[in-house]
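Good morning, and thank you for coming.

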Amino acid sequence: MNVLYTYGMETSFFRFSISEDKQKLYRTQITAMLLSTFLLTMLLYIFRSPVAVFAEMRDHVEYVGWCAIIIGLDAMSALPYARLRKENRPRKYAFTKVAGIIVFVVTIVFLFSFGGRVAARDPGGAFATWYKYNWGLGFILFANILQSAVTLLLLFKEFKDYRPVFDAVIFKKVFFYGYPILIAGFAGQINDSLNRVMFLKLYPASDKESLSLLAYYTAALRLAILINLVIQAFRLAAEPFFFSIASEKSASGTYARIMKWFVILLTLMFLNVMLYLDIWKHFVNHEYWRALGVVPVLLLSYIFLGVYYNLTVWYKLTDKTRYGTYIMICGSLVTIIFNWLLIPTWGYYACAWGTLLCYGVMMFLSFFWGQKYYPIPYDVAGFFKYLGLMLLLFFINAGICKILSGTMLHLLSGTILFVVYLFYIYMQERQELRSFPVIGKWIK
């Protein structure tokens, strides 16, 4: 629903802010989103009963309405956040996000830890009644509402210059540019989560056992998510930057350089997790360590995903966003077919390998079409060198860990191999590293 509510407006804002009147564009988009958010929220509220039945929440139909409020508030924050990214104001972006998280956490802690005592003081009061009826899921949704409301309130200044303007010509451009991104967003959600849904349906075991095994896979995802966090941070900063330099002659060279260093960063993150897995694994319960075998597969799949996101610059700059839809749909088909065939025999390993194949196909298709319509001189050979050495060091370390026992020996071998990789980067990129701020003066 978040994808539907925003329908590609953020990327459209970055794209057309370089060719249209920025103020008129922003006001037109805000007006459109106010109307669409109101309409979609009302539809969700009106049809809350059938939605609740579908979501198996028959006892709490009102929660569908609460979810509609959360999604609506978040949707109205999307363009102000895009504006902050466009205007290079990361401090306010971070402050509002963190403030919302603090509100959420404080609300959750209060309700679960102290709410019962408050309710016990007046058992027949309104708070006690609300507390008892909404215990559990209701607390989480309520905290989400407060978080979204506070976040939107903190973004109030981004609405101060808003006037109800609707330029039909601008909106038409924005909509036809953004709707393929909407479809791609739906396909992306399928790629991210459908394998877990399919696992519960296809794995030949009881519901209880399937849920238990899925928990192992989810624990492995928590470790792999470290790379995904880097990717998300990169996307937030890179998308407006890519559009801002699009008209420069050196743009394609800059895109290639960014890709190279982004790949280097992702491979470093991969090795950081896998060479020091004896440390990272303690971030999940030891009962889930049996699923650590899928962590490298998931980490590699996120590297492919990160490269894919970097490659998407070509269809966003050339207004060929429909290709993003084609790529995502192909990825979804790979996810569905691979998991359908192999989950019954491979279990959650099929989910991991299916994710890797999906993102690999998406990466290849985006590169192939991108070089056709918007050639960028990527260092493909360098990419495979870094990726190949990363995998070689990983397998060497895995072999050492099988031969030698003991956490300290594992960490020692991991550190030696990590230093080897850093030295390789230094030797390959020494000339360019000299131009870097701060570290450049230490490079000889």
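A crossing is called right-handed if the near helix is turned clockwise from the far one by less than a right angle, and left-handed if it is turned anticlockwise. Please bear in mind that this is a predicted model.

With that convention, let us take helix H2, residues 9-16, and helix H9, residues 168-202. Their crossing is right-handed. The two helices pack at an angle of about 130 degrees, and their axes are 9 Å apart. H2 and H9 are therefore oblique to each other. On the H2 side, the contact is formed by Met 9, Thr 11, Ser 12, Arg 15 and Phe 16. H9 contributes Phe 171, Lys 173, Val 174, Tyr 177, Gly 178 and Ile 181. By class, this contact comprises 6 nonpolar, 3 polar and 2 charged residues.

H2 has a further partner in helix H5, residues 62-86. Here the packing angle is about 40 degrees, with the axes 9 Å apart, and the crossing is again right-handed. From H2, the residues involved are Met 9, Glu 10, Phe 13 and Phe 14. They meet Ala 78, Leu 79, Ala 82, Arg 83, Arg 85 and Lys 86 of H5. The contact of H2 with H5 contains 6 nonpolar and 4 charged residues, and no polar ones.

How many residues does the largest nonpolar core have? It has 124, and the residues with the most contacts inside it are Tyr 217, Ile 227, Tyr 255, Phe 270, Tyr 308 and Tyr 421. In soluble globular proteins, nonpolar side chains tend to be buried together. Consider Tyr 421: leaving aside residues up to four places away in sequence, it touches Thr 267, Leu 268, Leu 271, Tyr 386, Leu 389, Met 390 and Leu 393.

Finally, the backbone. Most residues other than glycine have a negative phi. Tyr 7, which is not a glycine, has a positive phi of about 30 degrees. Tyr 7 lies in the loop between helix H1, residues 2-6, and H2. Asn 88 also has a positive phi, near 55 degrees, and is placed in the loop between H5 and helix H6, residues 90-121.

Are these two residues buried or exposed? Tyr 7 has a relative accessible area of 12%, and because buried means under 20%, Tyr 7 is buried. Asn 88, at 65%, is exposed.

Note on methods. Residues are numbered from 1 along each chain as its sequence is written. This is a predicted model: local features need pLDDT of at least 70, side-chain atom pairs count only at pLDDT 80 or more; totals for chains, interfaces and linings use all residues. Side-chain values use heavy atoms; hydrogens and water are left out. Axes are lines fitted to C-alpha atoms, for helices over the stretch in contact, and angles run from 0 to 180 degrees between N-to-C directions. Helices (H or I, at least four residues) and strands (E, at least two) are DSSP runs, numbered from the N terminus. Angles under 35 degrees count as roughly parallel, over 145 as roughly antiparallel, 65 to 115 as roughly perpendicular and the rest as oblique. Contact means heavy atoms within 4.5 Å. Ala, Val, Leu, Ile, Met, Phe, Trp, Tyr, Cys and Pro count as nonpolar, Asp, Glu, Lys and Arg as charged, and the others, Gly among them, as polar. A nonpolar core is a set of buried Ala, Val, Leu, Ile, Met, Phe, Trp, Tyr and Cys residues joined through side-chain atoms within 4.5 Å. Buried means under 20% relative accessible area, exposed over 50%, partly exposed in between (1.4 Å probe, protein chains only).
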